[in-house]
Amino acid sequence: MKEDFCCDTTLGGEYYLKARGLTYEGIGDLTLLTAPIEKTANATANGGMYTTHKAKLVTAKVTFANRCKADPMKLHSENCPIDVVFVEKSRGIRHLFTQAVIVGNPEINASTGEVSGIEIACAPKSYLRTKS
């Protein structure tokens, strides 16, 4: 896929995650927070504006399909850092999280087959976005 085609005409779509040799299917939202710094605006007691900058991790919030072979709860049980790749299949973009940790408070929706509440985090220097 050409970058100009994907980025101008396909804005979202199908995605999946690869970790430890398994492919985890997305069923809902994938939200990537890739900025390494959080900026906030504040006011002094006298009404003067100022900003603060706070370093933060790169994170991804994911809603998974509750599949047996690639059970999202198995991914959540990982205690050591792992490499995770998010593939935006529809756009031809990959997001590589190396030495990532799996965190969050998973929720299983038995009616829809969605597993939400899982987040993946890594240091900004361990994140890379590339074209497939």
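1. A residue is called buried here when its relative accessible area is under 20%, exposed when it is over 50%, and partly exposed in between, with a 1.4 Å probe and protein chains only. On that scale, 28% of the 132 residues of the chain count as buried. The model is predicted, so that local features need pLDDT of at least 70 and side-chain atom pairs count only at pLDDT 80 or more, while totals for chains, interfaces and linings use all residues. Residues are numbered from 1 along each chain as its sequence is written, and side-chain values use heavy atoms, with hydrogens and water left out.

2. On the overall architecture, the chain holds two helices and nine strands, where helices (H or I, at least four residues) and strands (E, at least two) are DSSP runs numbered from the N terminus. Read from the N terminus, the elements follow the order α-β-β-β-β-β-α-β-β-β-β. The C-alpha trace spans about 60 × 40 × 30 Å along its principal axes.

3. With contact taken as heavy atoms within 4.5 Å, residues 24 or more positions apart supply 64% of the contacts in the chain that have a separation of 6 or more.

4. T59 lies in strand β5, residues 58–65, and counts as buried because its relative accessibility is 15%. Leaving aside residues up to four places away in sequence, T59 touches T31, L32, L33, F97, I120 and A121.

5. N46 is placed in the loop between β3 (37–43) and β4 (49–55), and its relative accessible area of 76% is why N46 is classed as exposed. From N46 to F86 the C-alpha to C-alpha distance is 46 Å, with the two residues 40 apart in sequence.

6. As to the cysteines, a disulfide is defined as a pair of cysteine sulfur atoms within 2.5 Å, and by this rule the count is zero. C122 is in no disulfide, and the nearest cysteine sulfur, that of C80, is 16 Å away. C122 counts as buried at 2% relative accessibility, whereas C68 is exposed, with a relative accessible area of 78%.

7. The chain carries 16 positive and 14 negative charges, whose mean positions are 5 Å apart. Lys and Arg count as positive and Asp and Glu as negative, with His and the chain ends not counted, and each charge is placed at NZ of Lys, CZ of Arg, CG of Asp or CD of Glu.
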